[in-house]
Amino acid sequence: MKKYNTNQVGLLLVLLLLHASVGAKTITVNGDGSGDFTSIQAAIADVGTMNGDEIVVFPGTYFEIVDLLGKDIILRSSNGPADTTIDGNGFDTSVVKCISGETPAAVVSGFTITGGNATGSFPADLGGGMCCENSNPTIQDCSFIGNTATYGGGIGNVGSSPMVIDCRFIGNTTDQWGGGVFNESDSPTITNCTFIGNSGGNGGGMANQGSSPTVINSVFRSNTATGGGGGVFNFVSSPTLTNCTFSLNTADVGGGGIFSESSSGTTVNNSILWGDSPDEINNNSSSTTTVRFSNVQGGFPPDTIDGGDNIEADPLFADGPGGNVRLMRGSPCIDAGNNGDVPPGLLTDIDGLPRFVDDLCTEDTGNGNGDIEIVDMGAHEFMRSDILRDGMVDFADYGFLGLRWLDVDCEDCGGADLTCDGDVDVEDIAVLIDNWLAGKI
Ligand SMILES: [Ca+2]
Ligand SMILES: [Ca+2]
Ligand SMILES: [Ca+2]
Ligand SMILES: [Ca+2]
């Protein structure tokens, strides 16, 4: 029998400790064979893949079903969702699954997720793009496009409270509840997300059942429901919607923006509901919606509680019919929100531009709690320096300002007079550069 001396045992212990301290590793997936794996699921399922590991997926379209198998790993693409797609077409199930108790340390980031079809019998009826059951993963910078399910075309959550950040839900469908997202018995947080052109029976954009989601800085636009809630449908639910913009959503039964029923208590802060059909807010069967610091078209229907500081005035979207719901100069929504309703630590808007900005040219009508920089209503903070209203302050805006350089005595100067003093000069350049740099932080 081989004997180890004290030094060898000591060395062995050091090596073991070193191995433990090295900890998480990075695993690569590339369809061309140049990575550690060619399949995402093979990388996850590998016995060597442990909690804390990172799986980096290189560009390509991966036709497979991805189940995180309860592992708290970071699953991300190297190049973002435009270059990296997980396509479940033909598998007739959810494309991505967190159904084994994943925690917020399990991250899915930077993918387009499409082709999901969860229209089977329970429990195979939840979450076409992604299904979360009793799991709380972090989902960020993902585009859920063209998925379908009986409940939750884009994402279906049951007993799950994922953090969903910077995601897009486009053209997902259900004939039941939640074209974009469905929540049952949970309280997810949804921040900086866009819901466009999703459709459902109830809740074209989102449906909530027995849930209390928090939705912040998000846009619901052009979603449709054959029942109630073109944007959001609530059933025995208490969602809080802060700094959200609703526009062009439609619902056959009512609540083009928001439909609440069966003792739901919906809270709407710092939001804009404008241009939805047939109405903006619809409350039924002992439900209420409490609205404050918001702009709601058509006034308040029964059981809507005026929490104060609301307005009803054209929000002056940059291009409402075209879907650009950024604010134009003169919008009554600028500097009209309540800073106290913005969750602590949230410093940017849906575009990643600074959230607390004082527009020099707009009278402050909101509540800054003593601060001059007051949040706007809606998902987009008005940024004068984004002259072209595309969500970025960049060379294009700088170039536009250059076209009006040294204009004098002009009103707004086509948007180039950022200081509101009637001319375009170095002061305006200084404001633009300040905002440009702030957007890069
Ligand atoms: Ca503001
Ligand atoms: Ca102001
Ligand atoms: Ca711009
Ligand atoms: Ca000026």
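This is a predicted model: local features need pLDDT of at least 70, side-chain atom pairs count only at pLDDT 80 or more; totals for chains, interfaces and linings use all residues.
## Two domains

Let us start with the overall layout. The domain assignment divides the protein into domain 1, covering residues 25-325, and domain 2, covering residues 387-441. Taken over C-alpha atoms, the centres of domain 1 and domain 2 are 36 Å apart.

## A parallel pair and its crossover

Strand β1 (residues 26-29) runs parallel to strand β2 (residues 54-57), and four bridges join the pair. On the way from β1 to β2 the chain passes through helix α2 (residues 40-45), making a right-handed β-α-β crossover. Across the pair, Val29 faces Val57 in β2.

Both of these valines also meet Ile40: this residue touches Val29 and Val57, along with Tyr62, Glu64, Val66 and Ile86, when residues up to four places away in sequence are not counted.

## The nonpolar core

Ile40 turns up again here. In the largest nonpolar core, which has 89 residues, Ile40, Ile86, Ile113 and Met130 have the most contacts. Domain 1 and domain 2 each supply at least three residues to this core.

## A closer look at Ile258

Ile258 belongs to strand β30, which spans residues 258-261. Is this residue buried or exposed? Ile258 counts as buried because it has 37 C-beta neighbours inside 10 Å, where 20 or more are required.

Beyond its neighbours within four places in sequence, Ile258 is in contact with Gly229, Gly231, Val232, Thr266, Ile281 and Thr289.

Note on methods:
Residues are numbered from 1 along each chain as its sequence is written. Chains are lettered from A and ligands numbered from 1 in the order in which they are written. Helices (H or I, at least four residues) and strands (E, at least two) are DSSP runs, numbered from the N terminus. A residue is buried if 20 or more other C-beta atoms lie within 10 Å of its own, exposed if 12 or fewer, and partly exposed in between; C-beta atoms are placed from the backbone. Two residues are in contact if their C-beta atoms, placed from the backbone, lie within 7 Å. Domain bounds come from an automatic or database domain assignment. Two strands pair if DSSP finds at least two bridges between them. A crossover is right-handed if, with the strands pointing away from the viewer, the path from the first strand over the helix to the second runs clockwise. A nonpolar core is a set of buried Ala, Val, Leu, Ile, Met, Phe, Trp, Tyr and Cys residues joined through C-beta atoms within 7 Å.
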